[in-house]
Amino acid sequence: MINKLVRFSTLNPKTIILIIGLLTIPFLIFLPKMHKEENAWTFIPLDNPTKQIFYSVNDYFHLNDLIVVGIESEEDIFNQASLEKIQRLTNQFKTITIITEKQEEELNTFINNTSGEIQLLLKEIQKDGISRDDIHEIANLEKFIKSQDQPFSKLIAWIEELRISLFPLEEVNSFFTVEHIKGTEYGLTVDPLIENVPETRENLAQVRDEAISNDLFDKIYISSDRKSTMITLELAFSENERMKTAPLYYKLKQVIDSEKGPEKIYLGGTPLLWVLERAYSENDLERLIPIVLVVIITLLFVFFRNLQGIYLPMAIVLVSVIWAMGLTSILNIKFTILGSVVPVVLIAIGTADAIHILTHYYGELRRGVDKESALKNTMDRMAKPVVMTSLTTMVGFSSLAISDIADIRNFGLFTSFGIFSAMIFSLTVMPAALTLLKSPIQEKNILKNYTVHQNIFNRFGTALQRSKWISLSVIIFLICATGYGTIRVNIEYAPAGLFKSSADIRQAHDFINKYFAGVTWINLVLESKDENNFVEPELLNKLGDLQAKIEGHNEVGKIISIVDFIERMNYVMHDEKESYKRVPHPVEKEVESDWIEKDGREIEEEQEVEVKGHDQIAQYLLLYEGAGGKDLEKVVDTQYEQANMRILLRTDKSTANKEIISAIGRYCKEVLPETIYVTFSGISTLLILVADMVVKGQILSIMISFVIVLFMMACMVRSPLGMLGFLPIGFTILCNFAIMTIFKVPLDIGTSIVSSIAIGIGVDYCIHFLVWKSDEMKKGFSSGEAAKLAITGTGRAISINALVVAAGFLVLISSNFVPLMHFGWMVCVTMLICAVSTLTIIPTVLLLFSGRRVKC
C-alpha cells in the first residue's frame, strides 16, 4: 500500500502536487478564523462537581469576579493629592462603558426591521449615540416588548447585552464608595468612609484614624504599611459573557494611564489573567513562528548546503501547519496557551521525515547512483521507517487526548493530525518533487565529505565496543540517579505564575499579595439545618475561634465572615470601646437610662439590665439593613442558615492552597459542632483541581503511549529486540523528571506533556536505528556487528534530526509564558538526551550479545 502510493507519486508528480494543493485551500480559507478562549477555567468540564459548586456558591452569595486596582504612594496614602486621585479613578471607573461598533450596527439593523412604538424607542436610543442616559428608554423598550404577543427574542437578548455594556461593573469600591459602619445615638449608619477629600491635616488625620479603626478595611483597602490602597471592581457579567473582559480591561487601562505619577498604579485580578493570556499567546504566535522558521532554515542550510534541502522540508511542514490549524478553525476548537505552541511544535518536528529521506537520498547520489535509482532506493528503504516513526509519534501526542484538560487534549490531537499530514506529504509530495527537480549534488561533489561522517560514527561504534562494560556501568548508575530525582518532582499550577516576573499583571499580583490580603480566595461555606443559627453567639464565637486558627497560617492574608460584621457593629454601638470589639456574649449586661419620678420631679436613672446576645445581634442586623447595608449578603444568607467565610490568600500556588484547605478541614472538625456541614469553594478549589488533572493526565498518557508504542515497535521490527527501543526512551523520561527536580521546574500544564513528547518523538530515533540494524542482521551480521553498522548508517540523520528538533523547541524560551519557556528548553534537552542514549544504550546492550544470531 505504502509502496504503491510512493510509486504513484513518482509516476504522477504534477497530479500529486495539484491534489495536495487543492485539498489545502479549505484549510487555508478557515485559517484566519481561528478561535481563542478567554477563560482558562473552560478547560474544566462543565459537569465537574468542583466547578458546579464554584458557580452555585457564587450565585447563592452574590459573589462576582473581581478586578483590583492597587495604588501605591511614596508617603502615607491619606494625603490630599493621593485621595483626590483615588476619587477621580473611582468616578471614572463608575462611568465606564464598553459599547462596541457591532452593537451600534445591530441597533441600525433593528431600526430597519421594526416599526411603530418599538422603532421610535430604538431611534431614541440611537439619538446622540448609545450612552447611559438611554437607560430609561431601554427599560421602556424592554417593558413594551414583553407586553407584546409577538416574540422578540433576539431584540431582548440584545437589550440585555446592551445593559451590561453600559454598566459592566456591578460595584466600584474604594474609600469613596465602600460601606463604613458607624454608630450614632440613633443607631447605625452605613455610608462611604469619605464623601469629599479633606483639605486640612486634622481632617485627613481623622479620616485616617477612622479607616484604620475599621478592621473590615485592613489589608483590603489599607495596606499593611499604610502607603497603599485598593479599588475593587465587581464585574456585572457572568462566565458566559467573558468576551466583555477584554474591552473592559483596555478601558480601565486607558483611565489608569491618564492618572500616571507620582503614585504607582497596578491593575490585576483573575479575570485579567485570561485576557492577557490570550493577548500574549497571540503575540507568541506572531513572533515565535518567524523565529523558529529562521532557526530551522539556517540549520537545514548548514546540514544540506543547498536550497532544495531547505524549501522541500519547509514546504511540507508549512502545509501540515495549515492543515492542523485550519482544522481547529473548521471544528470551532478554542485554544488557550497551548494553541500558540502547535505551529511551533509542528515546524520543529515536521521536518523529521523529510530530513531522513533527504539524508539518505543525498547519500545515494554522493555514492554515484543516478537520480532515479537513488530516489527508488531511498523510498524503498525509508518509506517503512517514515510510517513507523510518524505513527509512534502520533501515539505519543494522541495519548494526551485522555487528559481531562481540554487544552492539553486538543493540543495532542491536532498536533497528531499535523504529524499525520506531514507523513502523507513526505510519502507523496517529497518523491513527486524530487522526481521533477534536478539533483543538487554535482558530480564534483560526489564522495566529497561523505566518508567523513561515516568515519566519525564508525569510530564511535568501535570505542563503544571496546568499553561496553564501562558504558553499561555508567548507564546503570545514571538510571539509578535519575530515578531518585523522579520521585521529588513538584506538582504545581499557579495562574499568575504563567507570566514572567517582568509582566505588569505578575507585578500587580505580587504587589497585592505582599501588601494586601491577596488575590486568591477560598469560600468556606458553613451550613446549618436550623434557621437563624448564625446569629447565635455560641456558634459565632466558634466561628471566631475557627478564624483565629486559620489566620495563623502564613499564606492566609485575611478572613471576612459574619463574625467580622457583628464585631464591628458591637464595637461602634458601644462608643468604640476596645473591650466590645467582639461578638456579644449569650447574655450581656447593658446599662440603660430611664426617666423616673422621684420626690415630685423626673430624674434620669441608669440601671443594669440583662440582654440576650441573640436579641442584640438581631437588632444590629436590623439596624444594618435599615441603614442600607448590602455587603452582608456575601457572607450569610437571609435566613441565617448558611454562612460564607471568605478566606483571602497571598498565593495562587496549587500546592499551598491544597495544604491550607487540608488544614482548614482539620480545624473545622476540631472547632465546629457536628451539626454544621462544610463545603469548600473558590478559586483555590479550581487551582487544586487543575493540578490533580495534570498529574492524572501525565501518568495515564505516559502509560498508554509507553505500552502502545512498545507493542508497535515489537510488531514493526518483527523481533523482541524492538522492545530495546524503550531503554533510551525510559532513560530519557527519568532524566526529564530529574532535570525538573534539579532546576526546581514544577510539573504544570506545559511541562506535563514533555514526557509524552519524548516518547512520541524520541522513539523515531530508536526505530531508524533498529530498522537499520535489522536489515544488517538479515545480511548475516551478528547483533554487535549490526549495531556498529547501524550507528554508522543512522548516526548522521539522527544527529541532524535531534539538533533541528531541539533548536526548534529552544525558540520557546522567548515565549511570554513561563511554562512554555520551561517546556521549550526541556524538550530541547530531552531530544538531545534521547538521541545520545539511542546511539549508546541500545548498541551497548547489543554489543554484549556480540557474536550471537538473533532471528529478525
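**Exercise 1. Cysteine sulfurs**

Determine how far the sulfur of C766 lies from the closest cysteine sulfur in this predicted model, and decide whether C766 is buried or exposed.

*Solution.* Begin with the distance: the cysteine sulfur closest to that of C766 belongs to C834, and the two are 5.3 Å apart, which is too far for a bond, given that a disulfide requires sulfur atoms within 2.5 Å. Next take the accessibility: C766 has a relative accessible area of 0%, so this residue is buried. Then repeat the reasoning for C735, whose sulfur also has its closest cysteine sulfur in C834, here at 9.9 Å, again too far for a bond. C735 counts as buried because its relative accessibility is 8%, and the cut-off for buried is under 20%. Finally, turn to the whole structure, which holds zero disulfides.

**Exercise 2. The packing of α11 and α27**

Describe how helix α11 and helix α27 pack, stating the angle, the distance between their axes and the handedness of the crossing.

*Solution.* Two packed helices are described by the angle between their axes and by the distance between those axes. For helix α11, residues 270-304, and helix α27, residues 783-810, the angle is about 160° and the axes are 9 Å apart. α11 is therefore roughly antiparallel to α27, since angles over 145 degrees fall in that class. The crossing of the two helices is right-handed. To locate the contact, list its residues: α11 contributes V292, V295, I296, L299 and F303, while α27 contributes R796, I800, L803, V804, A807 and G808. Sorted by class, the contact comprises nine nonpolar residues, one polar residue and one charged residue.

**Exercise 3. The chain as a whole**

State how many helices and strands the chain has, and what share of its residues is buried.

*Solution.* The secondary structure comes to 29 helices and 14 strands, and the C-alpha trace spans about 135 × 70 × 50 Å along its principal axes. Of the 856 residues in the chain, 55% are buried. Among contacts with a separation of 6 or more, 80% are between residues 24 or more positions apart.

Terms used: Residues numbered from 1 in each chain as written. Predicted model: local features only at pLDDT ≥ 70, side-chain atom pairs only at ≥ 80, totals over all residues. Heavy atoms only, no water. Axes fitted to C-alpha atoms, helices over the stretch in contact; angles between N-to-C directions. Helix = DSSP H or I, 4+ residues; strand = E, 2+ residues; numbered from the N terminus. Parallel < 35°, antiparallel > 145°, perpendicular 65-115°, else oblique. Left-handed = near helix turned anticlockwise from the far one by under 90°. Contact = heavy atoms within 4.5 Å. Nonpolar A, V, L, I, M, F, W, Y, C, P; charged D, E, K, R; others polar. Buried < 20%, exposed > 50% of the residue type's maximum accessible area, 1.4 Å probe, protein only.
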